[in-house]
Amino acid sequence: MAIEVFNRYENKYLFNHAAYLKLYNELLEYMEPDDYNKQHEFYSITNLYYDTPSNTLIRNSLSKPKYKEKLRLRAYGVPDGDSRVYLEIKKKVFGLVNKRRTSLMLDEAYDFVRTGIAPEYKDYMNKQVVEEIKYFLSCYDLKPMVYLSYDRKALFCKNNRDLRITFDTNIRSRRYDLAMEHGTHGELLMEPGQWLMEVKAEKTIPVWLSKMLSEHQMYRTSFSKYGNEYKKMLRNSKVESESVLYA
C-alpha cells in the first residue's frame, strides 16, 4: 500500500543538465533508483492544483507565513476516469512538510472537490484523510486553477529509506483545459535542460550528502512549482496589459 501520510523536511536545488549529470552519477554510490526508475528513465507526475477564484492559497503561500496549506490532485502518468489518483492536503509548518492523501478514482476526486460531499467509503480510501479534506473544502471556495506535470527520476538511500532525492525536469503548466485526462501539454515553466532537485528527509541529511552538495557548490533555494507558475502568470498578465495600453 502506498504511504499516505508524510512528515519530512524538503530542501530544493536548481541547476543545469551538466551539473545534474555529475551529481547524479556520484549519488549512485550511496543511493539507488526507485523500483520504477530501475526499468524506465523517467516517470510522469501530473497535478491539478485547487485554489479560490482570488488565488487565496497561493498568495498566502508566497507571503512566506509560518504555516501554509494547499490542496492538489496527483496522478502518476495520464489518468482516465477509472484511474487511481491521490487527493492530498499539503501543509508546511516551520519548515516541516506534512502531506496527507487518500486514494480515489479520478471521477470520485473531481466530484468530491466540486460538491464538497465525501464519496461513499471504499477500502482503498483513507477515511480519516477524506474527513480532513471534507473539512478543508468547507473552509474555501475551491476551483481547479492550474495543471502541472513533469518528468521525474527518484533515488532512495541504500541504507536509509527515509532519505529520498527526486529530480524533476520538463515542468509544464497550463491554466486552460484543466482535465488531467487530456494529457501533459502546457507551457514550460523553466528553461530547457534545467533540473529541480528535492532532498527529502525525516531528519537531518547525512554528512556524506552535505559534503557532496558543498563540493558541487549547490545551495538551497526556494522554489515552488505552483508559486513560480503563479508569478509567471502575473508577469505575463502585466505585459499583456501594457501592450494593450500602449497599442
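The questions and answers below walk through strands, salt bridges and surface features of a predicted model.

Residues are numbered from 1 along each chain as its sequence is written, and side-chain values use heavy atoms, with hydrogens and water left out. Because this is a predicted model, local features need pLDDT of at least 70 and side-chain atom pairs count only at pLDDT 80 or more, while totals for chains, interfaces and linings use all residues.

Q: How many residues of strand S8 are buried?
A: Strands here are DSSP runs (E, at least two residues), numbered from the N terminus, and S8 spans residues 160-174. A residue is called buried under 20% relative accessible area, exposed over 50% and partly exposed in between, with a 1.4 Å probe and protein chains only. Strand S8 is mostly covered, and of its 15 residues the number buried is 11.

Q: How many bridges join strand S7 to S8?
A: Two strands are said to pair if DSSP finds at least two bridges between them. S7 (residues 143-157) and S8 run antiparallel, and they form a hairpin with 2 residues between them. Within this pairing Lys153 stands opposite Phe167 in S8, and the bridges that join S7 to S8 come to 10.

Q: Which residue in S9 is the bridge partner of Arg172?
A: S8 also pairs in the antiparallel sense with strand S9 (residues 187-188), over 2 bridges. With strand S10 (residues 195-201), S8 has 5 bridges, again antiparallel, and there Thr166 stands opposite Glu198. In S9, the partner of Arg172 is Leu188.

Q: Which residues are linked with Glu198 in a network of salt bridges?
A: A salt bridge is counted when a side-chain nitrogen of Lys or Arg is within 4 Å of a carboxyl oxygen of Asp or Glu, and the whole structure holds 17 of them. The network links Glu198 with Arg152, Asp168, Lys200 and Lys225.

Q: How many residues apart in sequence are the parts that Arg72 and Glu88 tie together?
A: The side chains of Arg72 and Glu88 meet in a salt bridge at 2.5 Å, N to O. Arg72 is buried, with a relative accessible area of 5%, and Glu88 is buried as well, at 0%. Arg72 lies in strand S4 (residues 67-76) and Glu88 in strand S5, so the parts that this pair ties together are apart in sequence by 16 residues.

Q: Is Ser103 buried or exposed?
A: Ser103 is found in strand S6, which covers residues 96-105. Counting contact as heavy atoms within 4.5 Å, and leaving out residues up to four places away in sequence, Ser103 touches Glu4, Arg84, Val85, Tyr86, Tyr124 and Met125. With a relative accessible area of 5%, Ser103 is buried.

Q: How many disulfides does the count come to?
A: A disulfide is a pair of cysteine sulfur atoms within 2.5 Å. Among the cysteines, Cys139 is partly exposed, with a relative accessible area of 41%, whereas Cys157 is buried at 3%. By the distance rule, the number of disulfides is 0.

Methods: Helix = DSSP H or I, 4+ residues; strand = E, 2+ residues; numbered from the N terminus.
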